[in-house]
Amino acid sequence: MINSRDSYTDFDPNRKETIEVPYGIGTIIELKGNPDILAMICQYRITVEHCIRIINVGLNTNFYEDESKIDYEIPVEELTKKWRKTERIVIGKLDPENFLLIPGFSNFFEEEKELKLTRKIK
C-alpha cells in the first residue's frame, strides 16, 4: 500500500513554483556600510546543491552601460544582510536628441544655443 502523504506520489514535473526575492531585476542597490558603492541587480541564479536550493544574485557595478555584464555574484542572504535599495535618484545615459524637454527652460536653452552659434569669437 502506498501512503498518500509521501511526496513522491504527488510529483508533478509541470508544477509551477513561486520563489520570492527581496528586490526585482534592475534595482539599484547600495552597500549598507558605504552608500557610495552602488550596484544593479542583473540576474538571479537558482541552483540545487546537496538537495538545498541556493539563490545567487548577479550584480553589475557599471549600470550606465547598455549591456549589463555580471561583475560578481553573491548569495541572496548576503544581499539582504549587507545591501539595501538606494534612496538616491539615479539617472541613466541621456540622449542629447531625445532628452526631457522642460517648458520654459527648453526655449531659453534653444535661444542661448542660437546666440552662441551666431556670435563671433575674437
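This is a predicted model: local features need pLDDT of at least 70, side-chain atom pairs count only at pLDDT 80 or more; totals for chains, interfaces and linings use all residues.
I started with Glu-78 and found it in helix α1, residues 76–82 (helices are DSSP runs of H or I with at least four residues, strands are E runs of at least two, both numbered from the N terminus). I put Glu-78 down as partly exposed because its relative accessible area is 29% (buried is under 20%, exposed over 50%, partly exposed in between, with a 1.4 Å probe and protein chains only).

Residues are numbered from 1 along each chain as its sequence is written, and side-chain values use heavy atoms, with hydrogens and water left out.

**The sheet**

Next I traced the sheet. I got five strands in an open sheet, ordered β4-β3-β2-β1-β5, with antiparallel pairing (two strands pair if DSSP finds at least two bridges between them). The edges are β4 (72–75) and β5 (83–85), each pairing on one side only. Reminder: strands of a sheet pair through backbone hydrogen bonds, either parallel or antiparallel.

I then went through the pairs:

- I counted three bridges between β1 (residues 28–31) and β2, running antiparallel. Glu-30 sits opposite Leu-38 in β2, and six residues lie between the two strands of this hairpin.
- For β2 and β3 I have nine bridges, also antiparallel. Gln-43 is across from Gly-58 in β3. This hairpin has two residues between its strands, and His-50 there takes a positive phi near 55°.
- β3 (residues 52–60) is joined to β4 by four bridges, antiparallel as well. Here Leu-59 faces Tyr-72 in β4.

**Salt bridges**

How many salt bridges are there? I get four (the rule is a side-chain nitrogen of Lys or Arg within 4 Å of a carboxyl oxygen of Asp or Glu).

Arg-53 meets Glu-17 at 2.7 Å, N to O. This pair links distant parts of the chain, with Arg-53 in strand β3 and Glu-17 in the segment before β1, 36 residues apart. Arg-53 counts as partly exposed at 45% relative accessibility, and Glu-17 as exposed at 52%.

Arg-84 and Glu-30 have their closest N and O atoms 2.9 Å apart. The two are 54 residues apart, Arg-84 in strand β5 and Glu-30 in strand β1. Is Glu-30 buried or exposed? Glu-30 is buried, at 5% relative accessible area, while Arg-84 is partly exposed at 34%.

Glu-73 and Arg-45 form a salt bridge at 2.5 Å, N to O. Glu-73 lies in strand β4 and Arg-45 in strand β2, so this pair ties together parts 28 residues apart in sequence. I noted Glu-73 as partly exposed, at 33%, and Arg-45 as partly exposed, at 34%.

Ile-46 is in strand β2, residues 38–49, and is partly exposed at 45% relative accessible area. Last, I looked at Ile-89, in the loop between β5 and α2 (105–118). I logged Ile-89 as exposed because its relative accessible area is 78%.
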